[in-house]
Amino acid sequence: MQSTSSSSSLPASVSAASQALSPSSEPQLPEDSTQNASASNHHSCSAAKTAKTANAAKTASESSSELQSFLNCSNMCIFGVNADAKINLWNQQMSLVFGLAKESVLNQPLASSTFFSSLEQQQLVTKVLNLALSKGEATSNYKVEMITNKGMSSSSSSFSIVQEFLWNVSAQRSNNGSITGAICMAQLVESSEEETLTNKEGSPIQSNSISAANEIDPSLGSDELQLLLDRANTLIFGTDADGKVNVWNQKMVETTEFPKEEALHHPFCETFVLPKLRGSVDHLLQRALLEGKQMSNYELEFRTKSNELRHLLLSTTTRRASGNETGPVLGVMVFAQDITEVAMH
């Protein structure tokens, strides 16, 4: 079969148009027009890149803000120290329990008489912190006695008391894995389910009434906060507004034996809670979702994937959008302590 050129098979009008657009006959624009078009394209690309960068920065900022607010308003005592064992994190619950604003404790050594009544306790705490700071070793369910502020007595004078906490301590790392400090999530063992503290006038203190100065360290970015939650030596999980799991950290995987992919997007109560407890656990989560009620020290029996019974101590925190303490509810975050050894004795 003979081959024919494409130009001979095209209609004359199309062939002529094609030749008119060929490089040899390309129409020449005035030089200033070419430069203006190039400048216009450059500005359009720059604007698009700027908008994309701005949107990414906004998303990261909102995510960081949401996590900052969650950690700050959590019903769990959360605090941390830098590489020198000086306080650099202090959330609202710490301010409520200890009666000390962040400004008064920031950059102060944690292992001091301010928080511990005996030298022995200070030395034990120093040892635990050093394990995290120097070796990256985590400590779980460590019993610590700390001096807390129990609010105001009937005579309107403040008083303190030594109370027992369960500490979970883990190293805080940067994105490159280097140790930058230690983070501690502590559960006040003897507190009632819903405890009300009072101010100098005897009025109840609400968790969201603490000043913005008591926020988690604002220098922490979204990635660092995500790592903090995922690597924390504390059981942390969360559910969305429909009660389905959307957060499941490494400690949950280790303790429950359920990998993250088997937990995410599954209804928490139906999937993981014993039938006899589903009603009460669902009520607990619904109160957090619908009423914003934060609960502490709820004991839950939990069966692992290998059918081992574990006893968990739960604290719930309502999770809200964009770090707004009065904003739309996104779901519930739960901190838990594995108290199986304590419960079995």
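Good morning, colleagues. The structure is a predicted model, in which local features need pLDDT of at least 70 and side-chain atom pairs count only at pLDDT 80 or more, while totals for chains, interfaces and linings use all residues. Residues are numbered from 1 along each chain as its sequence is written, and side-chain values use heavy atoms, with hydrogens and water left out.

I begin with confidence. pLDDT is the predictor's confidence in each residue, from 0 to 100. Its mean over the chain is 74, and 65% of the residues reach 70 or more. Helix H1 (residues 6–9) has the lowest mean, 40, and helix H9 (residues 260–263) the highest, 95; helices (H or I, at least four residues) and strands (E, at least two) are DSSP runs, numbered from the N terminus. Residues 1–27 stay under 50, with five contacts beyond four places in sequence, a contact being heavy atoms within 4.5 Å. Residues 191–221 also stay under 50, yet the model has 70 such contacts for them. Where pLDDT is low, the predicted coordinates should not be read in detail.

I turn to the sheet. Which order do its five strands take? The open, antiparallel sheet runs E7-E6-E10-E9-E8, where pairing requires at least two DSSP bridges between two strands. At the edges, strand E7 (245–248) and strand E8 (298–303) each pair on one side only. Strand E9 (residues 309–320) and strand E10 (residues 329–338) share nine bridges; Leu312 has Asp338 of E10 as its bridge partner. Helix H11 (residues 278–291) lies across strand E6 (235–240), E8, E9 and E10, at about 130 degrees to E10; axes are lines fitted to C-alpha atoms, for helices over the stretch in contact, and angles run from 0 to 180 degrees between N-to-C directions.
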